[in-house]
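This briefing walks through a few local features of the structure shown below, grouped by topic. Please keep the sequence and the model side by side while reading, and look up each place as it is named.

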Amino acid sequence: MALDLSVIWRNLPFLIEQGLLGIGAFGGGTLALAVPTIVLATIVGVFVALARLSRLAVFRVPATAYVQLIRGVPLVMVVFWFWIFIPIAAGVTIPTYSVALVAFVTFEAAYIGEIIRAGIQSVPRGQVEAARATALGYRDTMRFVVLPQAFRNMLPSLVTQFVILFKDTSLASIIGYMDLTKAAQTVNNREFRPFELYLFIAVVYFVFAYGLSLSARRLERRMAAGRRTLATAAFRSAGA
Amino acid sequence: MSRRVTRTVAAGLGAVVLLLAGALPAFAQATLEKINQSGTFVVGTRTGSPPFGFIDRNQNWVGFGVDLARLVHAAIEKRLGKTIKFELKETTPATRIPLITSGQVDLIAETMTITRSRMEQVDFGPVYFVTGAQFLVKKGSPITGVKSAAGKRVAVQQGSTNERILREQYPNIQLVVFPDQPAAFAALVQGRVDAYVNDGVQLAGLKAKAPNPGDWVITGEPISYEPYGLAMRENDSDFRDLVAFTLMEAIENGEYRKLYEKWMGEKGDVPYPLSETAETFLRMQVMPR
Amino acid sequence: MFRYDFDWSVLWQPPYGEWLLQGILTTLEISALAWVIALVLGCVAGAMRTVPSAVTRTIGAAYVEFFKNVPLLVWMFFWYFGAPQFLPLAVQDWLNRHGVAFVAAVVALGIYHGARFAEVIRAGIQSVPQGQFEAALSTGLGVAEAYRLILIPIALRLIIPPGTNETLNLLKNSSLALTISVAEITFQTRQIEAYTARGFEAITAGTLIYLVLCLVLAGVMSRVEKAVAIPGLIVRGSGPEG
């Protein structure tokens, strides 16, 4: 079977504008879903992590239950919860975009929360004690001392999770959201060129996902270098 | 943890929940009231079922079902005396009932067969189309109906009437179940399955829209009776009357015929002539004023 | 307003109970087969990324990065709809008659997770002290043998906690096979819902099944970890969340 790349060319505007960016009659868009999901899931993730580390059972227990539940089920199941289960249970109408957004944020925040928690725990205890000794409250200690350091430690895993999240948004196509995957399906429905079309969107996904992980790796290297200089400086000043 | 922190965490979580919940208008009222309040009429239809609901070459979401829904839309606007937004949402056989009962869509205007078990969950308007399930195969295939399909791989859609009939009445056919029609037809085109069973008119639609229509054959005596209806939530007689009257008027004043010709007439997208019996049947559903 | 009368009995009524069981079996079958593929590919690619030869490293990296950075769903469609057309007709025909969807799902899942396993295994190999490798070479082993007999066996034991995580991800990701007609657990819950209109009960059952499978698998792996631990090396704790 001969390859026919003109199918990509003919449908490029639809695949990119509609599928990737979400500009067009169908709303949709992979990036239009992925970017807000990353932002929201990170915000929710911070609270999940704080609740998981809380000494109060009121926060810790539900947060732990939530994280364990989410990590034990496939994303597709969570999407079905919000698509069918929650509307029936709560008697509410949810637009497709919101279903996808809420489902992905709910799912990814559990993973991101765990990464943030590990990051917070990686900050030496002494740092917290020192901050408290200088009369900083919990909130200020978190904000000025713990979270900035934690953030640096967890950045690599965080970006890895963002890449996973970006790819996960392809599942929105299952509920009829016009993302890149759904756009390719729609075109294939008419053109019957699955090899060319799916390989093409694979390349598009790859460019974004790999680009994101490359930039993370570069950042990581730069920060590692920064930390080395910092450590050397600390060592010198301690020695002096 | 101090009380201040406790409050911060609680406020944060609460804010997020509210933010997410903000996108969720509660619905617990009659359909017309809901449409009046939201200003939007949401219709569930297919993206890959020509000529009822599909995305055409110019990436427009169109079809016979979509056009019927537009008639309902016009009637709603007239009734409420204001402009209402017309919105389409994708439904599939496995998802349409949950989507309508949960209020995600207000009307299903696609290839939905009226069955008694479905009538227990949703309400239907009058029958607007009549067809029956057949086999779509590659030219030259030995399959000519249910008998010759024994032992063969036959694609069906999850949650469709055809899936149920084949599973219950023809257990020697090897069923391959897909979430939607595009995947099922793509599987047939790629040779992963030997045949695809769906309502005759939909097969005609797929055949007409295929790159080489001559490669495909619709075969076999119809194995089922599939009367299509517009579906809505149960026990909402006001809205059901509106839908029923709209359809009756369209049949009466020739609007229905015009749309039929547009999509399934000789020069239409998917030629599928309206039989005399079917036309009589449609006319007999039109009640006197 | 919302009214819903629960009827949990649909979950064990014939034939629905049987459908669920078949779904569980299918999920376990795909996952197990894909896991074997993923482990083999992961070991090979993970090892390739640590050798001195730049060409070998690049090939390993290309495989890992390309397959890891594309959504599994796209791979499912690719392997099921797109790829088989390049096989000889006889092979295609044979595949089509012998559960091509199942095979495509296993291949898609195996190759995708192979790339992710490779990352874990590479980290494992890199955490084995360099001296081990040098000692192996000095006893007359070739590079390939040193990897096969020394480095990979040690690395595999070291990576059990992250490897368990990846294994659980693989199990959960097998749910995407429903899009290409494989009747696994999620598919069966959808199927039961389509037949009974009992979406609530069906989705709850599916959720619980996955939770139990994940817990059991995590428990088994933590036992395996203890059983194969190398004395003298620090073993990281791994609970159900490990």
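Predicted model: local features only at pLDDT ≥ 70, side-chain atom pairs only at ≥ 80, totals over all residues.

B:Pro51 is found in the loop between strand 2 and strand 3 of chain B, and the peptide bond that joins B:Pro50 and B:Pro51 is cis, with omega at about 0°.

- B:Ile55 has B:Trp61, in strand 4 of chain B, as its bridge partner.

**Another cis peptide bond, in chain C**

- C:Pro14 and C:Pro15 are joined by a cis peptide bond with omega at about 0°, and C:Pro15 is found in the segment before helix 1 (16–48) of chain C.

**Two packed helices in chain A**

- Helix 6 (residues 125–133) and helix 7 (residues 138–168) of chain A pack at an angle of about 160°, and their axes are 10 Å apart.
- Because angles over 145 degrees count as roughly antiparallel, helix 6 of chain A is described as roughly antiparallel to helix 7 of chain A.
- The crossing of helix 6 and helix 7 of chain A is right-handed.
- On the side of helix 6 of chain A the contact is made by A:Gln127, A:Val128, A:Ala131 and A:Arg132, while helix 7 of chain A brings A:Thr141, A:Val145, A:Val146 and A:Gln149.
- Sorted by class, the residues of this contact between helix 6 and helix 7 of chain A are four nonpolar, three polar and one charged.

**Two alanines with positive phi**

- A:Ala135 lies in the loop between helix 6 and helix 7 of chain A, and this residue has a positive phi of about 75° although it is not a glycine.
- A:Ala135 counts as exposed, because it has 7 C-beta neighbours inside 10 Å.
- C:Ala197, which lies in the loop between helix 9 and helix 10 of chain C, is not a glycine either, yet has a positive phi of about 60°.
- C:Ala197 counts as buried, because it has 20 C-beta neighbours inside 10 Å.

**A buried glutamine in chain C**

- C:Gln188 has its place in helix 9 (residues 185–196) of chain C.
- C:Gln188 is buried, because 25 other C-beta atoms lie within 10 Å.
- When residues up to four places away in sequence are not counted, C:Gln188 touches C:Trp19, C:Leu20, C:Gln22, C:Gly23 and C:Ala183.
- From C:Gln188 to C:Leu95 there are 93 residues in sequence, and the two are 23 Å apart in space, taken from C-alpha to C-alpha.

**Where chain C touches chain A**

- In the contact between these chains, 33 residues of chain C meet 30 residues of chain A.
- At least two residues of the side of chain C that touches chain A are supplied by each of helix 2 (54–68), helix 3 (72–82), helix 8 (160–173) and helix 10 (199–228) of chain C.
- Helix 10 of chain C gives the most to this side, with nine residues.
- By class, the side of chain C that touches chain A holds 20 nonpolar, ten polar and three charged residues.

Terms used: Residues numbered from 1 in each chain as written. Chains lettered and ligands numbered in written order. Axes fitted to C-alpha atoms, helices over the stretch in contact; angles between N-to-C directions. Helix = DSSP H or I, 4+ residues; strand = E, 2+ residues; numbered from the N terminus. Parallel < 35°, antiparallel > 145°, perpendicular 65-115°, else oblique. Left-handed = near helix turned anticlockwise from the far one by under 90°. Contact = placed C-beta atoms within 7 Å. Nonpolar A, V, L, I, M, F, W, Y, C, P; charged D, E, K, R; others polar. Pairing = 2+ DSSP bridges. Buried ≥ 20, exposed ≤ 12 C-beta atoms within 10 Å, placed from the backbone.
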